Every structure is written in C-alpha cells, then in structure tokens.
Amino acid sequence: MARRQKAAHIYALKKLIFLLFSIFILWSFFPYVFSQTNNLVQAKVEDRTDSTRVIITSGLPLEVFLNKFGSSLEVRLKSPESLRFRSEPVRSRLVRALGWASTKQGYLIAIDCATADFYYKNSIQPRPFRLEIELRLIPQQEEHSQPQPQIQVKPEEKMSSSVGHEVNAPIPIKNIGKVENRDDLSLPPAARRIRTIVIDPGHGGLETGARGPNGTLEKDITLAISLKLKEMIERRLALRVVLTRDKDVDVSLENRAALANNNRADLFISIHANGAFRPKAHGSETYFLSLKASDEEARRLAYLENNSPEFEKKIEEENQNQIMMILWDMAQAAFLKQSSELAEIIQTELNKLLGTANRGVKQAPFKVLTGVACPAVLVEVAFISNPEEEAKLKDENFQASVAEAIYQGLLNYLRKIT
Amino acid sequence: MKRRRTKRIKLFLFFFLLILASGLALLFFLSGPGEKVKVMAKKEAAPQESSPAEPLRRQVILYFPSAEDDLLHPELREIKAASPEIEAEEIIQELMAGSKEGYLSPLPPQTRIRQVFITRDGTAYVDFSRELVERHPSGSAAELTTIYAIVNSLISNIKSIKQVFFLIEGSERETLSGHINLNRPFSALPSIIAR
C-alpha cells in the first residue's frame with residue numbers, strides 16, 4: 001500500500017513537471033508567434049484642407065531617416081527584424097503613390113508626389129511606432145525668386161549657410177550684378193536650359209583626403225580650385241553655382257549627391273587631387289562613373305539608358321515605383337553617356353591649359369557620383385603625392401589655370417549640346 | 001488496478017504527444033520566414049584541388065603595383081593547397097608580405113586579414129582590420145591599386161571566387177578614403193594587368 005502511495009506521488013510529480021514544462025514551452029514561443037504580426041508597417045495618406053498627411057505605423061520601434069529628392073520623399077527605415085508593408089489605397093491631391101523596397105541597409109518607403117515644390121514636417125512617436133509626415137505645397141512665386149525659408153525642416157537650420165548637412169534646404173542664389181560680356185549670350189537657346197551647376201570640392205573637415213609629401217592636404221586644394229571655378233562661372237555665365245561645401249567641413253558623400261539632386265543640378269563636377277603608392281605618378285585625368293550592376297539591375301538600367309533623358313514620362317505609372325528605387329541608388333546610370341562626353345571635353349581643356357601629362361578619361365566606381373541625377377564627372381587635377389605636382393597644386397596661378405580649363409570645358413560642353 | 005494502469009499509460013501518451021507537438025511547433029516557428037535563416041555558406045564543400053593527406057603546395061599569381069607604371073605586375077608564389085577560404089587568406093597574407101621582385105606593396109603592411117568567407121554565388125567577403133583604412137595613403141589611384149591588387153589576385157587564383165566584397169572590422173564601409181565605392185562587390189579588372 002505504501003509502495004502504491006509512493007508511486008502515486010511520483011506520478012503526481014511527473015505530471016506536474018510535464019505541465020510546467022509544457023507551460024514553459026508555450027509561454028516562451030507565444031510572444032514570438034505574436035511578433036510575426038508585429039513586423040507589419042502600415043501606411044496611409046490623408047488629405048487635409050491645406051496639407052497632406054502620410055501616417056506610417058508599426059508594432060516595432062524603427063529608426064527613420066527622411067530625405068527629399070525632387071518630387072519624392074524617401075523614408076528609410078532601419079530595423080533588425082524583417083518588415084512587411086501594407087498601404088491603404090492612395091487618393092490624394094499631392095501624393096501620387098507609395099513605394100516599398102528592401103535595400104541592403106534596411107527598408108525604404110518612397111512617397112511619390114505630383115510636384116517637387118513641397119516641404120515637409122514630421123513627428124515621431126517611438127512606441128507604438130507612429131511617424132506622421134505633413135506635406136505642404138510651397139506657395140507659388142516667381143520662378144527665379146529668392147529661396148523659400150519654409151523649406152527648412154528644423155528651425156536651427158535657418159541660421160546655417162548654403163552648404164553643409166542640411167540637404168533639404170535650398171542654396172541661396174546669388175544676385176549676379178552687372179551683365180558684362182557674358183559668354184552665354186552667344187550660346188544656343190538649348191544650352192541655356194542648363195541652369196544649375198554643382199561643384200563638389202573633394203573631402204573636407206576630418207576627412208582630409210590624400211596628403212602630399214610636404215604636408216599639403218587634398219581637401220584644401222580642392223576647395224581653393226572650386227571657389228575659383230565658382231567665381232569664374234558666376235562672373236561670366238548666367239548660371240547658378242552651388243558648392244557642396246564652401247569651407248573646411250565634413251560633408252558625407254551621399255549628402256553631396258543629395259544636395260545636387262535637391263538643387264536640381266544640371267551638371268555635377270567633383271574636384272579632387274590624386275594620390276598614388278608610387279611617388280613618380282603624375283598627370284591629370286577625368287573620371288565618370290563605372291557601374292557594376294547585377295543582372296536584374298542591368299536590365300532595368302538598359303531600359304533607363306535607352307529612354308533617357310526624358311525617361312520619366314515614358315514609363316507607365318505602374319512601373320514607376322520600381323524604377324524610382326534604382327534611381328536613389330544609381331541615379332547616375334541614366335546619364336553615363338552625357339557624363340562621358342563632359343569628361344572628354346574637360347580632359348581636352350586640361351591637356352591644353354595645364355601642361356600636365358594626359359592620363360585620359362577613365363571610368364571607376366566613385367561613390368560620390370553614383371547617386372547624382374545629372375551628367376557628372378570627377379576631375380583628378382594632378383598628383384598631390386608627387387612632390388613636383390604638389391608644389392604646382394599649392395600655387396595660386398596653377399589653381400586658377402585649372403579653374404580656367406574646367407570652365408572652358410564647361411563652355412564647350414554647353415555649346416555642344418544643341 | 002489494470003484499468004488504472006491503462007489510464008496512466010493513456011495520460012503518459014497524452015503528455016508525450018503534447019510535448020512532441022509543442023516541440024514541433026517551436027521548431028516550426030523558430031525557423032520562421034525564409035530570409036531570416038540566410039546563413040552564409042561558410043566553409044562550403046571545398047572543391048578538392050588536392051588530396052588532404054599530404055600538404056600539397058600550389059602555384060599562384062599575385063599582382064603588385066610597380067614604381068614605374070600604373071599597372072599591376074604578376075609575381076609567382078607557392079602557397080599551401082587548402083580550402084578556398086584558407087587559400088584566399090594566404091594569398092592576401094602574401095600580398096601584405098610584399099614583393100620579392102622589387103614591386104611596391106599594395107596595402108599598408110600593418111593590415112591584418114580577419115576572415116574570408118565565400119558565398120554560394122561566388123562572392124568572397126574579405127574582412128580586413130582597420131589599418132587598411134587608417135594607414136592607407138589615400139587618393140583615387142592608390143585606392144584603385146589596393147582594391148584591384150586584391151581583387152585580381154583572388155579571382156584569378158581561386159575558381160570559386162567570382163567577385164570580392166570588402167569588409168573593414170566586420171562591417172561594410174563606404175570607401176577606403178573617400179573615393180571608390182566599397183558598398184558593391186568588385187569583379188576582376190584584367191585591363192590593369194601588365195602584359
């Protein structure tokens with residue numbers, strides 16, 4: 001009898017252990033099951049009387065980065081979990097469509113708007129995650145008016161100057177004084193469609209670039225030449241010139257491209273000084289982008305190239321979101337042909353005016369060029385790692401002839417595109 | 001008594017099935033969506049280039065920059081035949097050790113190679129220590145030299161590598177020093193090899 005009682009005890013104990021174990025298992029994976037529904041990102045668009053709101057919600061806390069590119073607002077989401085996206089049908093005056101893509105760095109929602117003339121404000125609630133973006137049209141004014149102060153997203157940015165990190169802010173247009181002997185009056189009208197030129201002085205701030213054997217820094221040379229070139233273009237041509245930096249500050253490579261796109265750049269010229277392992281390397285070269293696209297990307301890019309520069313109008317509405325996704329990453333792909341022409345013309349002038357060795361036009365995957373949505377080149381003026389050329393690069397007269405050579409190249413390019 | 005016993009067996013069976021079911025459910029949910037368990041095919045079945053019994057050596061061609069021109073110059077070396085990952089590491093070690101024929105070193109000598117792994121689609125992820133960036137002389141030409149000395153040396157010697165992706169201290173980096181895009185893999189560039 002005692003034995004039987006003992007057996008019963010053990011039996012009860014076993015039952016208890018089993019119960020506890022099953023409860024533990026159920027308890028441990030239930031939250032996981034629920035989290036599967038948490039990874040949904042939902043978006044809806046609402047029109048208000050004078051604005052449009054895009055509301056994005058999710059069960060997961062997300063990191064968000066916003067960027068305006070022309071008529072699109074890009075919302076980058078970072079999350080360790082994989083995300084799914086659902087959007088309510090978009091019916092709005094301003095927002096045409098919402099696009100969703102997963103990128104290497106995370107996820108991306110592209111808010112495609114009917115016009116580029118809008119500005120946005122946003123507010124974020126972390127938990128539960130809720131991002132509200134308010135889009136408003138910029139009141140219509142004259143075409144060449146002064147920049148709109150409303151565009152600035154954060155109040156502190158109102159104080160800062162034309163360059164730096166505030167990619168969303170427009171660069172003030174300098175009032176050009178008297179019109180005297182302007183070269184562009186002799187240009188054909190087609191070339192006058194080029195309005196904005198972005199000049200990108202390589203490196204800056206902590207990112208010094210290459211260093212010459214006598215301590216000259218690439219970032220200082222590129223800035224000196226860029227300032228001279230800007231002054232030259234503004235004095236002789238009625239063009240708007242935007243610098244990606246006008247002082248010794250860090251600007252990320254992505255922001256440089258974004259700045260060009262947000263300012264609707266028509267040409268992009270990046271200025272660098274070269275550096276090599278061998279001290280004897282010398283000469284000038286001009287680069288345009290080389291792209292190594294995956295097969296799928298290559299197929300889409302071929303389509304874009306065949307349809308550029310007016311490709312946007314020819315793409316049916318339904319494909320537009322998909323194609324926009326490539327544009328953020330590889331906007332330059334659609335402009336390779338024009339970029340190569342611009343590179344050839346600038347290189348010819350460098351050869352004529354500088355007396356440096358001709359290293360020719362080359363292609364390489366430069367980070368700064370990938371996202372630029374207009375013809376773009378990168379000029380490697382001379383080798384700062386070569387003591388002789390380092391001395392030249394430091395010389396103001398040489399810097400002025402570099403600016404002159406690039407200016408002449410630019411002028412020839414403008415004349416050519418009729 | 002007998003009845004009670006069968007009842008007990010039934011109960012045990014019930015619990016056994018419950019545990020089994022919950023275990024299976026656990027497995028099912030943990031494996032989750034397909035992309036979550038995308039494990040890099042590390043140490044993938046090495047194409048047997050040698051029998052593992054004897055430490056065979058094989059000849060490889062390394063590419064070094066020269067002081068006289070902008071091309072990469074071939075130099076023959078012998079390394080231990082091993083799995084593609086280990087051979088890749090050895091090839092980079094040899095590049096870092098420098099040329100024996102008077103060519104220049106394509107990467108800072110302080111650099112260490114942390115790891116190489118090769119995915120099924122033939123992308124070699126090559127992870128370098130931070131010195132590759134910090135001690136790099138900088139400049140477009142220098143960046144191109146470093147990148148293509150490594151890329152050409154790896155792709156021309158190891159069949160399973162079709163493209164090379166650079167990592168620094170285990171993570172992606174935009175550029176070495178502000179020029180060439182490292183966010184995309186590199187294919188071989190035969191045009192900068194001296195003939």
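Predicted model: local features only at pLDDT ≥ 70, side-chain atom pairs only at ≥ 80, totals over all residues.
Helix 3 of chain A has as its buried residues L253(A), N255(A), R256(A), A257(A), A258(A), L259(A), A260(A), N261(A) and N262(A). Since that makes nine of the 10 residues in the stretch 253-262, the helix is largely enclosed by the rest of the structure. The elements of chain A against which the buried residues of helix 3 pack are strand 3 (63-69), strand 10 (196-201), strand 12 (267-274) and helix 8 (367-370). Just beyond the end of this helix, the backbone of R264(A) adopts a positive phi of about 50°.

Strand 3, one of the packing partners of helix 3, leads on to the sheets of chain A. It belongs to an open sheet of four strands, ordered 3-4-7-6, in which the pairing is antiparallel. Strand 3 and strand 6 (95-103) of chain A each have a single partner strand and stand at the edges, so one side of each is left without a neighbour in the sheet. On average, and with direction ignored, neighbouring strands of this sheet are turned by 20° against each other. Within the sheet, strand 3 of chain A runs antiparallel to strand 4 (residues 72-78) of chain A, the two being joined over seven bridges, and F69(A) has S72(A), in strand 4, as its bridge partner.

Chain A also holds an open sheet of five strands in the order 5-1-2-9-8, and here the pairing is mixed. Strand 1 (residues 40-47) and strand 2 (residues 52-58) of chain A pair in the antiparallel sense over seven bridges; A43(A), for instance, finds its bridge partner in I56(A) of strand 2.

Leaving aside residues up to four places away in sequence, V377(A) touches I269(A), T286(A), Y287(A), F288(A), S339(A), L342(A), A343(A) and I346(A).

Chain B has four helices and five strands, which follow one another along the sequence in the pattern α-β-β-α-β-β-α-α-β. Of its 195 residues, 31% count as buried, and among contacts in chain B with a separation of 6 or more, 66% join residues 24 or more positions apart.

Where the two chains meet, the contact takes 32 residues from chain B and 33 residues from chain A. On the side of chain B that touches chain A, helix 1 (2-31) and helix 4 (140-157) of chain B each supply at least two residues, and the largest share, eight residues, comes from helix 1. Sorted by class, this side of chain B has 15 nonpolar, 11 polar and six charged residues.

As for confidence, the model scores ipTM 0.73 and pTM 0.61. Chain B averages a pLDDT of 85, with 83% of the residues scoring at least 70, but over residues 32-46 of chain B the pLDDT is below 50, although this stretch has 15 contacts in the model beyond near neighbours in sequence.

Notes:
Residues numbered from 1 in each chain as written. Chains lettered and ligands numbered in written order. Contact = placed C-beta atoms within 7 Å. Buried ≥ 20, exposed ≤ 12 C-beta atoms within 10 Å, placed from the backbone. Nonpolar A, V, L, I, M, F, W, Y, C, P; charged D, E, K, R; others polar. pLDDT = per-residue confidence, 0-100. Pairing = 2+ DSSP bridges. Axes fitted to C-alpha atoms, helices over the stretch in contact; angles between N-to-C directions.
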